[in-house]
Amino acid sequence: MSLDDLTNLLIVDRKAAIEQLEDEDLFETMFLSFDEMSMHNSLISLKKAVEKADYPNIKFSSHSLKGAASYIRARRVEFVAGLIQKAIENNQNELVYRYYPELIKQCILLKRVIYETLCKKEDRPLVRDDTEYDVPIAENFKLLKKANDKFDIVQVARPEAVKETKDSSLEKGDASTSQIVKEAPHKVEAPMEIKTSDNHKNTCCTCIIA
């Protein structure tokens, strides 16, 4: 499994979820409340764990989010959360900082799909604003907005716990960590302010759902 497989997955596999739950109304209820009832709380726990490089709790929070996502067949969130869990189980903790930004990205895309579905159900116009980016993100990562409703999640600092571990290894003369500790900090461009045209406000983003 790798991030290369992500594009082959639906953001939400509606048909599979309904077949699993055997109740379309139940799926709609769980899907539309997923952010508020499950995803947001899992991301808060994951945020705290990532900031502390608390790998047992990163694994636990990722596992919880993966399980919750599986009920509504949120394939991409489920997949990336599983990658984080698997990385820790395989003692590949550094992969967490590669997979975590992608997980946040997929959670935002899922949140967009939920919002679009709710607007359609309530027959109200789709209006883009910053609330779609309102997800808990570890402080050592940053959300960068781009044009046309695109965005990226970048790492701007190492977790303090990781820094302390590497500094301790450096004091012991570990040459393998010396190069990492001396790396220059990431340079991050200032976030771009988005001005959305009135025409675009009523246009759905290119999210995938079936």
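Good morning. The structure before you is a predicted model. I shall begin with the overall layout, continue with the packing of the helices, and end with several individual residues.

The protein contains nine helices and two strands. Along the sequence, the order of these elements is α-α-α-α-α-α-β-β-α-α-α. The chain has 210 residues, and 42% of them are buried.

Let us start with helix 1, which covers residues 14-21. Which of its residues are buried? They are Ala-16, Ala-17, Ile-18 and Leu-21. The cover over these buried residues includes helix 2, helix 4 and helix 5. Directly after helix 1 comes Glu-22, which has a positive phi, near 60°.

I now turn to pairs of helices. Two packed helices are described by the angle between their axes and by the distance between those axes.

Helix 3 spans residues 34-51 and helix 4 spans residues 55-71; their axes lie 8 Å apart, at an angle of about 165°. An angle over 145 degrees counts as roughly antiparallel, and therefore helix 3 is roughly antiparallel to helix 4. The crossing of helix 3 past helix 4 is left-handed. On the side of helix 3, the contact involves Phe-34, Ser-38, Met-39, Ser-42, Leu-43, Ser-45, Leu-46, Ala-49 and Val-50. On the side of helix 4, the residues are Asn-57, Ile-58, Ser-61, Ser-62, Ser-64, Leu-65, Ala-68 and Ala-69. By class, this contact between helix 3 and helix 4 has ten nonpolar residues, seven polar residues and no charged ones.

The next pair is helix 5 and helix 6. Helix 5 runs over residues 75-89, and helix 6 over residues 96-121. Here the axes are 9 Å apart and the packing angle is about 160°. Helix 5 and helix 6 are therefore roughly antiparallel to each other. Helix 5 also passes helix 6 in a left-handed crossing. Helix 5 contributes Arg-76, Val-77, Val-80, Ala-81, Leu-83, Ile-84, Ala-87 and Ile-88 to the contact. From helix 6 come Val-96, Tyr-99, Tyr-100, Glu-102, Leu-103, Gln-106, Cys-107 and Leu-110. How does the contact of helix 5 with helix 6 divide by class? It has 13 nonpolar, one polar and two charged residues.

The last pair is helix 2, residues 24-32, with helix 6. Their axes come within 10 Å and cross at roughly 125°. Angles of 65 to 115 degrees count as roughly perpendicular and those over 145 as roughly antiparallel; helix 2 and helix 6 are therefore oblique to each other. Glu-28, Phe-31 and Leu-32 of helix 2 meet Leu-110, Val-113, Ile-114, Thr-117, Leu-118 and Lys-121 of helix 6. This contact of helix 2 with helix 6 comprises six nonpolar residues, one polar residue and two charged residues.

I now leave the helix pairs and consider individual residues, beginning with the loops. Ala-53 sits in the loop between helix 3 and helix 4. Its phi is positive, near 50°, although the residue is not a glycine. Is Ala-53 buried or exposed? Ala-53 counts as buried, because its relative accessibility is 13% and the cut-off is under 20%.

Arg-73 occupies the loop between helix 4 and helix 5. Arg-73 is likewise not a glycine, and its phi is positive, about 55°. With a relative accessibility of 18%, Arg-73 counts as buried.

Glu-132 belongs to the loop between helix 6 and strand 1, the strand at residues 141-145. Glu-132 has 7% relative accessibility and so counts as buried. What does Glu-132 contact, leaving aside neighbours within four places in sequence? The residues are Ile-108, Lys-111, Arg-112 and Asp-149. Lys-111 is 21 residues from Glu-132 along the chain, and their C-alpha atoms are 6.5 Å apart.

Cys-107, which takes part in the contact of helix 5 with helix 6, is buried, with a relative accessible area of 0%. Cys-119 is buried as well, at 3%. The number of disulfides in the model is zero. Thank you for your attention.

Conventions. Residues are numbered from 1 along each chain as its sequence is written. This is a predicted model: local features need pLDDT of at least 70, side-chain atom pairs count only at pLDDT 80 or more; totals for chains, interfaces and linings use all residues. Side-chain values use heavy atoms; hydrogens and water are left out. Axes are lines fitted to C-alpha atoms, for helices over the stretch in contact, and angles run from 0 to 180 degrees between N-to-C directions. Helices (H or I, at least four residues) and strands (E, at least two) are DSSP runs, numbered from the N terminus. Angles under 35 degrees count as roughly parallel, over 145 as roughly antiparallel, 65 to 115 as roughly perpendicular and the rest as oblique. Contact means heavy atoms within 4.5 Å. Ala, Val, Leu, Ile, Met, Phe, Trp, Tyr, Cys and Pro count as nonpolar, Asp, Glu, Lys and Arg as charged, and the others, Gly among them, as polar. A disulfide is a pair of cysteine sulfur atoms within 2.5 Å. Buried means under 20% relative accessible area, exposed over 50%, partly exposed in between (1.4 Å probe, protein chains only). A crossing is left-handed if the near helix is turned anticlockwise from the far one by less than a right angle, and right-handed if clockwise.
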